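Me: I am new to reading protein structures. Can we go through this one in short steps?

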Amino acid sequence: MEKDFTKQLDQDIAGSDFGSKQDDLQMWYNERGDCIQFKTMNVSAIRERIDECLTLYISIEDQKPIGFQLKDIKALANLLDVDIMVKADITSSDKSLISITALILFKAYTQIPESTDRRRTGYGEAFKTMAKKDLETSVI
Amino acid sequence: MIRNAHTFPIKWPIDGKEIEIRIELKYYTRLLFYHPNDFSNFHTAYEVLNNPNRIFIDLKRRFSNSKNKLCVAGKTRYWRKYVVKDNTSISVLFPPHLVYLVFLDEENYIIEHGAERADMIDSLSPRNCETRFGELLWKKTSQNN
């Protein structure tokens, strides 16, 4: 085991890779966590849980949403049309994840019956952060 | 030896034994390249895992089984803030109304980490513990401190 993990962290923070791709906004499917994660800014943020599926990342500085985490992707994707799933690999981190994410966000919102103002606005804010991403957003 | 992960030992407060915490290389490198603020706060996650206040088990999810996943909660004095113009990170005071959470899966891999608002009554726990987690597995007290 690495006895001095923090030294490794400091070396990497001082290295040329640190933040070298931060301007390339990407969605990412975290397979171990079975969640999609998306952040548009590298600022200090608070996680705000909206419901069992959706957590927003809120900037501490201006209290605005900068991204989200969407959980239970495998289960939610199984609720979608099978034809959709074969067109995109949800384990990839490439741009095709945008369309799948939009569908899964919508599915998560409709599958959980609780209706609160914060749920409605929270899902709306998650969709809005995706709009910051300058990519094809056509729904499959 | 695990080849696809960084690892470090911690003393597990429940039984006092040394366990191995893991971070998948692809998660580590993803944060390193794309999310420098989150990467810097691996420092905070490390500190919380070495000095936790609360450990919760079973992350409640509506559509899947997340039993045996853990949430480790702690409050550090400092955490990291990414400075864009210098492309580095600095230590700043950790906001007192927050807690820092580290989520572990069944194999002790870190799957997520970040700050949340603390509970109004128990300031060392995150909000809504009863609805989010199966149970409180361990709590720091003066006896086990």
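Reply: Start with a term: two strands pair if DSSP finds at least two bridges between them. Note also that this is a predicted model.

Me: How many residues lie between β7(B) and β8(B) in their hairpin?
Reply: β7(B) covers residues 98-104, and β8(B) covers residues 110-117. The two pair in the antiparallel sense over seven bridges. In the turn, Asn108(B) has a positive phi of about 70°. The number of residues between the strands is five.

Me: Which residue in β8(B) stands opposite Tyr100(B)?
Reply: Tyr100(B) points one way from β7(B), along with Leu98(B), Val102(B) and Leu104(B). Its opposite residue in β8(B) is Ala115(B).

Me: Which residue of β7(B) is the bridge partner of Cys71(B)?
Reply: Strand β4 of chain B spans residues 70-74. Five bridges join β4(B) to β7(B), and the two run antiparallel. The partner of Cys71(B) is Phe103(B).

Me: Are the residues of β7(B) buried or exposed?
Reply: Buried means under 20% relative accessible area. Val99(B), Leu101(B) and Phe103(B) point the other way from Leu98(B), Tyr100(B), Val102(B) and Leu104(B).

Me: Now a helix. Which backbone oxygen does the side chain of Thr131(B) reach?
Reply: Thr131(B) sits in helix α4 of chain B, residues 129-132. Its side chain reaches a backbone oxygen at 3.0 Å. That oxygen belongs to Asn128(B).

Me: Leaving aside neighbours within four places in sequence, what is Thr131(B) in contact with?
Reply: Contact means heavy atoms within 4.5 Å. With those neighbours left aside, the contacts of Thr131(B) are Arg49(A) and Lys60(B).

Methods: Residues numbered from 1 in each chain as written. Chains lettered and ligands numbered in written order. Predicted model: local features only at pLDDT ≥ 70, side-chain atom pairs only at ≥ 80, totals over all residues. Heavy atoms only, no water. Helix = DSSP H or I, 4+ residues; strand = E, 2+ residues; numbered from the N terminus. Polar contact = N/O pair within 3.5 Å; in protein donor to acceptor, adjacent residues only side chain to side chain. Buried < 20%, exposed > 50% of the residue type's maximum accessible area, 1.4 Å probe, protein only.
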